[in-house]
Amino acid sequence: PPTPTSHGEVTIREAWQSFFAILQTFLRPRLKCIDGELCLITGAGGALGRLFALEFAKEGAHLVLWDCNAAANEQTARLVRELGVRVHTYTVDLSKRQSIYETANRVRTEVGHVSILVNNAGVVAGRRLLDCPDELLERTLLVNCHALFWMTKAFLPRMKEQNHGHIVTVASALGLFSTACVEDYCASKFGAVGFHESLTHELIAEDLNGIKTTLVCPYIVDTGMFAGCEIRKELRSIIPPLEPLYTVQQSMKAILAEQQMICIPRLMYIPFLARACFYQGDKCMLPFIKNIEMKTSNGHTKLC
């Protein structure tokens, strides 16, 4: 029978994974061709989702775009079509399991079998825990974590039949360590990281070496999602919020290199330094929370 893994073994394993990931970022591995592959991107109407769509389009992939905002999703589709790429759009509420399954069936019938799945969609409540309505907390967990299960159950079976595919999970540095006032987001991203790593181990254990996985853990990206967040002054000039295009381009390099994990920037591979970037007496998210509270009081709350 298997023996329990000791804390020391876990630490060594994580250190080795981090070292290997860093090594891959410095080396220049051969990038795979995805021309003609069918790629599904969730949250395609948002800043990162739109950039992912354009980058995959440049590589010749056909696209299926999912978002809860139909207008934003169609805007992404228009930009992609200008590159001469075939694209299909679907309006989906990722907080509803049945909506995911029904739309997945439509995709299989109307478009074909997805071989690249990019789980990019994400939300945050932006409220202090005791001030946050339960439905907003639940929505964060449903979209950021639970949806990963339903998306994978919907599209992995075909990948397993062909032993071919790629599953990308866009998590966060806040899925590796936490900070105050964003309990819902941290919990959901910790869950996303755990889900992705376990899925990766399962595919390896089943010798499905044709199905690749990539976990993306970026630092705060300047998309407006965490507008107002204040990083420690002494670190702000060294590690400012990431530019969205840079984040996606670095992620694409990792995906095409079939890299299992990428932390952006590389500093995020070092837990002590990464935590220092967020901690300001654990108050870095307070301005962000106040910003959301102000928008809410003015009737500008946006859920997705």
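This is a predicted model: local features need pLDDT of at least 70, side-chain atom pairs count only at pLDDT 80 or more; totals for chains, interfaces and linings use all residues.

Student: Great. How many aromatic pairs are there?

Tutor: The count comes to five aromatic pairs. One of them joins phenylalanine 52 and phenylalanine 56, a tilted pair with 6.4 Å centre to centre and 35° between the planes.

Student: Where do phenylalanine 52 and phenylalanine 56 lie?

Tutor: Both are in helix 2 (residues 47–58), four residues apart, which is about one turn of the helix. Both phenylalanine 52 and phenylalanine 56 are buried.

Student: And what about phenylalanine 149 and phenylalanine 195, how do they pair?

Tutor: That pair is tilted as well, at 4.5 Å centre to centre and 50° between the planes. It links distant parts of the chain, with phenylalanine 149 in helix 5 (residues 134–162) and phenylalanine 195 in helix 6 (residues 183–205), 46 residues apart.

Student: Is phenylalanine 195 buried or exposed?

Tutor: Phenylalanine 195 is buried, at a relative accessible area of 13%. Phenylalanine 149 has 36% relative accessibility, so it counts as partly exposed.

Student: Which residues do ring pairs link into a cluster?

Tutor: The cluster is made up of Tyr101, Phe149, Trp150 and Phe195. Tryptophan 150 also has arginine 97 over its face, 5.3 Å from the ring centre.

Student: What sits over the ring of phenylalanine 155?

Tutor: The charged end of arginine 108 does, 5.9 Å from the ring centre.

Student: What gives the most to the lining of the largest cavity?

Tutor: Helix 5, with five residues. The lining divides into seven nonpolar residues, four polar and one charged. Among the lining residues are Thr42, Asn119, Asn120, Val170 and Lys189.

Student: And which residues line the second largest cavity?

Tutor: Arg108, His113, Val114, Ala154, Phe155 and Arg158.

Student: Let's go back to Val170. What does valine 170 stand opposite?

Tutor: Valine 216 in strand 6. Strand 5 (residues 165–170) and strand 6 pair in the parallel sense over six bridges.

Student: Why is strand 6 largely enclosed by the rest of the structure?

Tutor: Strand 6 (residues 211–218) is described that way because seven of its eight residues are buried.

Student: Last one, the backbone. Which peptide bond is cis?

Tutor: The bond from isoleucine 264 to proline 265, with omega near -5°. Proline 265 is in the loop between strand 7 (261–264) and helix 9 (271–278).

Student: What about phi of asparagine 163?

Tutor: It is near 50°, a positive value in a residue other than glycine. That stands out because most residues other than glycine have a negative phi. Asparagine 163 is in the loop between helix 5 and strand 5, and it is partly exposed, at 28% relative accessible area.

Student: And where is glutamate 258 found?

Tutor: In the loop between helix 8 (244–256) and strand 7. Glutamate 258 has a positive phi too, about 55°, and at 32% relative accessibility it counts as partly exposed.

Technical notes
Residues are numbered from 1 along each chain as its sequence is written. Side-chain values use heavy atoms; hydrogens and water are left out. Rings of Phe, Tyr and Trp (its six-membered ring) pair if their centres lie within 6.5 Å; planes under 30 degrees apart count as stacked, over 60 as edge-to-face and the rest as tilted. Helices (H or I, at least four residues) and strands (E, at least two) are DSSP runs, numbered from the N terminus. Buried means under 20% relative accessible area, exposed over 50%, partly exposed in between (1.4 Å probe, protein chains only). A charge sits over a ring if NZ of Lys or CZ of Arg is within 6 Å of the ring centre and within 35 degrees of the ring normal. On a 1 Å grid over the protein atoms alone, a cavity is a set of points where a 1.4 Å probe fits but cannot get out, and a pocket is an open set with protein on both sides within 12 Å along at least five of seven lines; lining residues have an atom within 4 Å of a point. Ala, Val, Leu, Ile, Met, Phe, Trp, Tyr, Cys and Pro count as nonpolar, Asp, Glu, Lys and Arg as charged, and the others, Gly among them, as polar. Two strands pair if DSSP finds at least two bridges between them.
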